[in-house]
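Here is a short report for a reader who is new to this structure. Look at the sequence and the model first, then read on.

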Amino acid sequence: MHVCLSDWSRLWFSYSGGSLSLPLLHHLPPHAAPPCRFLALLRVSDSFSSSSGSVRLTSAQLGHLQHRPPAMALRDTGSLLVGLLLLFHTWGAWAEVVVSMEDRVEVSLRETAQITCMFTSDDGIGGMTIQWSYVTRSGENQRIYHQDSLMTNVEPGTPYTDRISVNSTGDIVLSIRNVQLEDEVEFVCLVTSLTDGSAEGRTKLLVFEAPNLPTIEGVQTGISVNEDHPSVIGSCEVKNGYPKPNITWYKGNTPLRSIPDVVNVVSSITTESSGLYSVKSELRMKVEKEDKDAQFYCEVTYFVPGGMSMTETSLINITVYYPSTAVNIWVESPKGQIKEGDTIELHCSGNGNPQTAIFTIRHLLDDTTWETNMLVLENVTRQNSGVYECISMDMDTVEEISQNTSLFVHYLGRATVISEKNEVYQGEDLNATCNAVASLPTETAWLKDDKVIAKGHILTLQDTTFDTAGTYVCKVTVPDIEGMETSGTLRVYVQGPPEIMGEDFKEIGTFDSTVDLSCNVRGFPVPKITWTNTDGKDISTSPQTVTEEGAESVVSVKVTSNMIVFCNASNEYGADAVTFSIKAITHTTTTATTTTTISTTVSLVPVKTATPIPPKKIKKEGNGVIIAVIIICILLLAILGSVLYFLYKKGKICGRSGKQDLTKEKSNKDNIVVEMKSDNTEEAILLGVNGEKQPPNDQ
């Protein structure tokens with residue numbers, strides 16, 4: 001350290017950390033001691049120290065120093081310089097450079113890492129020298145970056161030459177792009193000040209890479225519980241992670257740890273050419289019967305920036321071999337209650353795996369045996385009910401295990417219908433019963449024509465008629481078992497005279513020369529049907545058809561003129577008849593080629609005719625009344641024709657231009673009029689029953 005006065009007006013103080021110049025308010029007198037004396041004085045006072053660590057000179061102290069006499073001023077100035085010496089020495093220790101850095105920075109592989117170097121110094125960044133380096137594997141510092149007030153420089157020929165950048169705005173930040181595994185080293189930041197000295201900080205860069213998804217593979221063969229040593233359960237593998245991933249085996253929710261002679265977990269680590277780690281773990285353990293339902297999987301944990309992560313494999317099962325300790329026998333089908341006619345499938349099985357035993361099924365009721373573990377009985381009956389036993393014999397120990405089950409076949413016998421009689425006369429009552437033997441409660445319903453007419457096993461028919469006759473079905477069902485039913489039938493006949501059914505009047509138009517007449521009769525005993533004309537002669541020998549209610553007959557009649565046909569039905573209780581009145585109307589059409597068509601109209605008039613077999617029960621009017629009605633109708637038609645002709649002659653109906661179609665009927669009480677019309681000439685010709693032709697001008 002050096003202290004001296006310059007021109008007796010300024011005090012210069014020089015030390016290793018720098019220099020300082022202080023002005024004096026009052027110049028020293030010319031006869032004052034030369035500067036070297038002050039230097040000697042300062043050297044003598046060099047041993048002065050301050051317990052406070054710092055010396056401050058106030059303006060009052062300076063003023064006091066400046067107004068002292070010269071001799072005293074020199075003495076006080078020496079004391080002041082000693083204090084200043086101590087002050088500057090303390091300042092040099094307090095103003096040193098301080099550097100702060102994180103202990104570690106974590107980054108994922110191929111990402112960008114940022115390492116921050118924070119420092120404190122009185123000098124600005126322009127007066128600082130900054131140097132970045134890393135510690136090599138051999139422990140040496142390799143510089144990669146240098147910066148001072150004049151220039152910045154990235155060191156060439158290093159692994160970071162093309163991948164780093166430095167931001168000196170504020171804190172100093174080193175950025176490393178495309179981080180590789182080799183970058184996991186310690187980086188050093190060295191900061192040097194022109195006045196405060198130098199300091200450095202260190203940060204360890206840690207690189208991470210998440211591994212691929214783990215895989216698991218279970219053993220494909222079965223494992224016996226009788227094995228003496230732990231057997232291979234499966235293996236897990238995870239690839240390409242950094243740092244090394246860790247694998248933990250689980251059975252259910254329980255982690256598996258190595259236990260001598262019980263559980264053995266063997267892991268192997270492989271370093272790939274990329275520097276990443278692959279880990280494979282194999283699980284071996286002694287299995288028990290309960291392990292047949294166990295699920296195994298692996299949990300993989302690995303480090304990531306800022307913490308740890310975890311992933312799991314899929315679940316695997318193993319096949320465990322164990323001997324049977326019990327057997328079971330059951331009905332596989334049908335499910336639910338069994339009825340006669342079903343096909344039964346009995347199964348017998350042990351609780352061991354695999355099924356290596358010999359099975360026998362035996363019916364204890366008749367001691368029938370089957371050497372099988374599955375028995376099929378088709379179309380079973382109530383005789384198949386009883387106790388069935390399953391016997392299992394172990395091939396290794398020759399021990400037998402047995403179990404039995406009871407089987408019951410429900411039955412429903414045939415329905416039996418009982419009636420005092422099945423033939424009743426009209427108006428009488430009839431009672432019938434229906435019963436069936438069953439193992440379960442039954443329900444009975446009576447049906448006719450597929451419609452339910454009564455429920456219960458008793459059927460009562462009161463005041464019977466022909467509508468009562470027919471077939472009755474008794475259906476017996478078991479509500480508890482679907483499809484279990486039986487049935488019986490009852491045919492009821494109602495005795496009485498025949499009744500001819502059909503419309504009272506029927507008109508049939510046809511272009512044929514024949515017409516089909518139908519006669520449907522009900523009654524019991526079955527009526528006999530005949531067809532006759534007004535002379536009482538049979539006109540057909542066609543056979544009749546027996547129906548549910550009686551009989552039916554169809555006859556074809558050739559129509560040549562007006563005629564009357566009788567349908568007669570009779571049995572031992574009476575007779576019935578119906579009259580078909582057939583009236584033929586001929587239409588003649590005159591064209592270039594004359595064509596004549598016969599149209600037949602059939603009138604069905606219910607009358608009572610004098611049939612060859614007189615009925616015992618008369619239901620309809622006699623034939624004489626019908627004939628009288630026909631004659632009256634003919635007379636009315638004759639009168640109507642006369643009136644129309646009279647009005648026509650008087651011109652009361654229409655003009656006589658001859659362009660209108662008008663049929664003039666001329667008849668008397670004994671005439672039957674047949675109409676003939678020409679479509680081309682629009683002329684009408686009236687013929688009387690005697691064949692006389694009327695003049696055209698009279699029309």
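## Buried or exposed

A residue counts as buried when its relative accessible area is under 20%, as exposed when it is over 50%, and as partly exposed in between. Keep in mind that this is a predicted model.

Take Asp 342. Its relative accessible area is 15%, so Asp 342 is buried. Asp 342 and Lys 339 meet through their side chains in a salt bridge, at 3.2 Å from N to O. Lys 339 has a relative accessibility of 18%, so Lys 339 counts as buried too.

## Salt bridges

How many salt bridges does the structure hold? The count is 17.

One of them joins the side chains of Glu 186 and Arg 202, at 3.1 Å from N to O. Glu 186 belongs to strand 12 (residues 186–193), and Arg 202 belongs to strand 13 (residues 197–208). The pair therefore ties together parts that are 16 residues apart in sequence. Glu 186 is partly exposed, at 29% relative accessible area. Arg 202 is partly exposed as well, at 34%. Glu 186 and Arg 202 also belong to a network with Glu 200, joined by salt bridges that share partners.

## A link to a loop

Lys 251 has its own salt bridge, with Asp 291. The closest N and O atoms of Lys 251 and Asp 291 are 3.2 Å apart. Where do the two partners lie? Lys 251 is in strand 17 (residues 246–251). Asp 291 is in the loop between strand 20 (277–285) and strand 21 (296–304). This pair therefore ties together parts that are 40 residues apart in sequence.

Lys 251 is partly exposed, at 27% relative accessibility. Asp 291 is buried, with a relative accessible area of 4%.

Four bridges link strand 33 to strand 35 (residues 430–435), and the sense is antiparallel. Val 417 stands opposite Cys 434, which is in strand 35.

## Around Ser 235

Ser 235 is part of strand 16 (residues 231–241). Is Ser 235 buried or exposed? With a relative accessibility of 19%, Ser 235 counts as buried.

Which residues does Ser 235 touch, leaving out those up to four places away in sequence? They are Thr 215, Ile 216, Glu 217, Trp 249, Lys 280, Ser 281 and Glu 282. Another serine gives a distance to check. Ser 235 and Ser 267 are 32 residues apart in sequence, and their C-alpha atoms are 9.5 Å apart in space.

## A nonpolar patch

The last stop is on the surface. Four residues form a nonpolar patch there: Ile 632, Leu 636, Ile 639 and Val 643. Together they have about 360 Å² of accessible area. Ile 632 has its place in helix 4 (residues 623–649).

Notes: Residues numbered from 1 in each chain as written. Predicted model: local features only at pLDDT ≥ 70, side-chain atom pairs only at ≥ 80, totals over all residues. Heavy atoms only, no water. Helix = DSSP H or I, 4+ residues; strand = E, 2+ residues; numbered from the N terminus. Buried < 20%, exposed > 50% of the residue type's maximum accessible area, 1.4 Å probe, protein only. Pairing = 2+ DSSP bridges. Patch = residues over 30% accessible without salt bridge, like charges linked within 9 Å, V, L, I, M, F, W, Y side chains within 5 Å. Areas by Shrake-Rupley, 256 points an atom, 1.4 Å probe, with all protein chains shown as cover. Contact = heavy atoms within 4.5 Å.
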